[in-house]
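Try each task yourself, then follow the solution step by step.

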Amino acid sequence: MEIIDLTHLITNDMPVYPGTEKPKSEDVFTIDNDGFLEHKLTLFSHTGTHIDAPAHMLKGARTLEQLDINQFCGSAFVLDCTHKKDRRICIDDMILFEAELSTNDFVILNTGWSQNWGKDKYFADYPGLTPEAASWLSDFNLKGIGVDTISIDLPEEKDFIIHKILLETGMIIIENLTNLHLLQTDDFIFSCLPIKFKNSDGSPVRAIAIKTPNL
């Protein structure tokens with residue numbers, strides 16, 4: 001069994017979605033002064049590699065703690081979009097993978113954009129789904145969709161239309177994934193367990209891929 005970490009490290013100076021505050025980690029107790037080490041963490045619910053719950057965009061929809069634990073783990077495959085010159089991911093880019101979409105719980109879109117993590121470029125002109133592609137994907141029985149960008153909505157899309165199309169189906173969205181190049185096209189088990197807190201519209205996760213010989 002091989003486990004691959006797909007999660008960005010949370011630090012005080014990490015990139016965050018424009019308009020939100022950076023996380024803050026403080027040494028409140030130290031071994032020298034108190035005999036033990038403990039930090040105080042202050043961060044937004046969509047910091048770093050994180051999940052969007054349906055409640056993130058849809059009033060009255062379910063929050064993460066209301067979802068079954070099985071929603072956060074399952075079979076997955078990577079759809080390689082790194083070769084695209086057009087940053088808009090369309091139905092034509094996915095239609096050859098209908099069998100994989102029908103037999104897996106998650107699809108992970110590898111655009112290669114995580115290589116821009118920490119740069120201003122990460123927040124501009126990143127690739128993403130078209131509304132038509134999102135609607136097409138919503139017809140599959142997927143638990144969730146993962147991306148290696150700051151948002152599943154293209155920066156020019158208004159009103160978070162891609163989020164809403166996908167979240168209306170009950171799917172979760174996992175954003176800011178990394179290390180997707182290590183997955184190739186192999187099938188694997190994907191896990192993205194969130195922090196369990198009340199009214200969670202989203203949560204940072206430790207996203208991993210578990211590759212086993214029989215997959």
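A residue is called buried under 20% relative accessible area, exposed over 50%, and partly exposed in between. Keep in mind that this is a predicted model.

**Exercise 1.** Classify R87 as buried, partly exposed or exposed.

*Solution.* Start with the value: R87 has a relative accessible area of 26%.

**Exercise 2.** Find the salt-bridge partners of E156 and work out which parts of the chain they connect.

*Solution.* First, R87 pairs with E156, with the closest N and O atoms 3.0 Å apart. R87 sits in the loop between strand 5 and strand 6, and E156 in the loop between strand 9 and helix 4, so this pair ties together parts 69 residues apart in sequence. Next, E156 also meets R88 in a salt bridge, at 3.4 Å from N to O. R88 belongs to strand 6, and this pair links parts of the chain 68 residues apart.

**Exercise 3.** Locate the partner of R206 and compare the accessibility classes of the two residues.

*Solution.* The partner is D5, with the closest N and O atoms 3.0 Å apart. D5 lies in strand 1 and R206 in the loop between strand 12 and strand 13, so the bridge ties together parts 201 residues apart in sequence. R206 is exposed at 58%, whereas D5 is partly exposed at 28%.

Key: Residues are numbered from 1 along each chain as its sequence is written. This is a predicted model: local features need pLDDT of at least 70, side-chain atom pairs count only at pLDDT 80 or more; totals for chains, interfaces and linings use all residues. Side-chain values use heavy atoms; hydrogens and water are left out. A salt bridge is a side-chain nitrogen of Lys or Arg within 4 Å of a carboxyl oxygen of Asp or Glu. Helices (H or I, at least four residues) and strands (E, at least two) are DSSP runs, numbered from the N terminus. Buried means under 20% relative accessible area, exposed over 50%, partly exposed in between (1.4 Å probe, protein chains only).
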